[in-house]
Amino acid sequence: MSQRISLTRYLVEQQRVDGHIPSQLRLLIEVVARACKGISQAVNKGALGGVLGSAGSENVQGEMQKKLDIIANEVLVEANEWGGHLAGMASEEMDGIYVVPNRYPQGEYLLLFDPLDGSSNIDVNVTIGTIFSVLKKPEGPGVSEQDFLQPGNRQVAAGYCLYGPQTTLVLTVGDGVAMFTLDREQGSFVLVQEHMRIPEDTREFAINMSNMRHWAAPVVRYVQECLAGQDGPRGKDFNMRWIASMVADVHRILTRGGIFLYPWDKREPDKPGKLRLMYEANPMGWLVEQAGGAATNGKQRILDVQPAKLHERVSVILGSRNEVERVTGYHPTV
Ligand code: P6P
């Protein structure tokens, strides 16, 4: 068996050998990974840990919070606030930014996360996960919400931890995408794949088909062509998947290709989409691009979108490059 490379060794080599990441960023990623191990433990307990079901509160998105949403958020905040590598955090589950308390040293990074993506799947034991994104804090004293409002092309690290049959960490620091599986006996993440690549073409699309009557014409056209199969304009049959956990759908695409769409729809025309730019679309968009795929909002590269609000939403089309370019090409140019 080839030598096992732990997450720690991978990060030290990214720092020392490749000079990709400074030590503070290496430390930050290790702390996030350790927090994800704790979340995995809580998720795995399920009903035995009394962690299922609703917390009886709503988040800033107006969505009912699950107990595990709040637990995962608390684990990430408590694990990251004291280390001296962060100036602040932002989370889907917190209305405003979380400034690192004065009793701890302030660092130069900003951590954004969806602590538990796919919450509607928690109580039915379907794969969920933590999504995170790291930005550098702009120069200057203190930290404000404005410091977080950077486009996704400014990320310095991004990844997710999948709580499925395995607990799997997928990460980029700008040198391709690496995947690690948690060895529970050792308690460490072990490198299982480096330089993951998304095939440029696919026969598999992921979208919530129940919303079809609400979509804009370009998305309707694309999906109808897929459904027409080999007798239609695409000349090939397609398969469909929809897990309703972005983190799980994106992991499948990183693993075997595919296209994921959560487009704008006319139910709430003022909302560009359901998914959040800063801590869902940006980290996933960078991972997908680092694996050779593409990620747009139908009109422009997601990573180039300039955020105006912390919890801004965005339309998402990501995955196999040729399919994303096709759907984006169906949209009128602005
Ligand atoms: P729908 C989970 O709540 C989430 O934010 C994403 O993880 C997922 O892709 C999407 O919403 C599912 O939305 O409308 O299909 O339930």
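Two strands pair if DSSP finds at least two bridges between them, and strands are DSSP runs of E of at least two residues, numbered from the N terminus. In S17 of this predicted model, Leu-318 is the bridge partner of Ala-295. S15 and S17 (residues 316-319) run antiparallel and are joined by three bridges.

Both strands belong to an open sheet of five strands with mixed pairing, in the order S12-S11-S13-S17-S15. Strand S12 (239-240) and strand S15 (294-296) are at the edges with a single partner strand each, so one side of each has no neighbour in the sheet.

Polar contacts are pairs of N or O atoms within 3.5 Å. A polar side-chain atom of Trp-242 is 2.9 Å from a ligand oxygen atom. A polar backbone atom of Met-246 lies 2.7 Å from an oxygen atom of the ligand, and for an N or O atom in the side chain of Lys-274 the distance to a ligand oxygen atom is 3.0 Å. The protein buries 83% of the 400 Å² that the ligand exposes when taken alone (Shrake-Rupley method, 1.4 Å probe).

Residues are numbered from 1 along each chain as its sequence is written. In this predicted model local features need pLDDT of at least 70, side-chain atom pairs count only at pLDDT 80 or more, and totals for chains, interfaces and linings use all residues, while side-chain values use heavy atoms, leaving out hydrogens and water.

How values were computed: A polar contact is a pair of N or O atoms within 3.5 Å; within protein, one must be able to donate a hydrogen and the other to accept it, and residues adjacent in sequence count only if both atoms are side-chain atoms. Helices (H or I, at least four residues) and strands (E, at least two) are DSSP runs, numbered from the N terminus.
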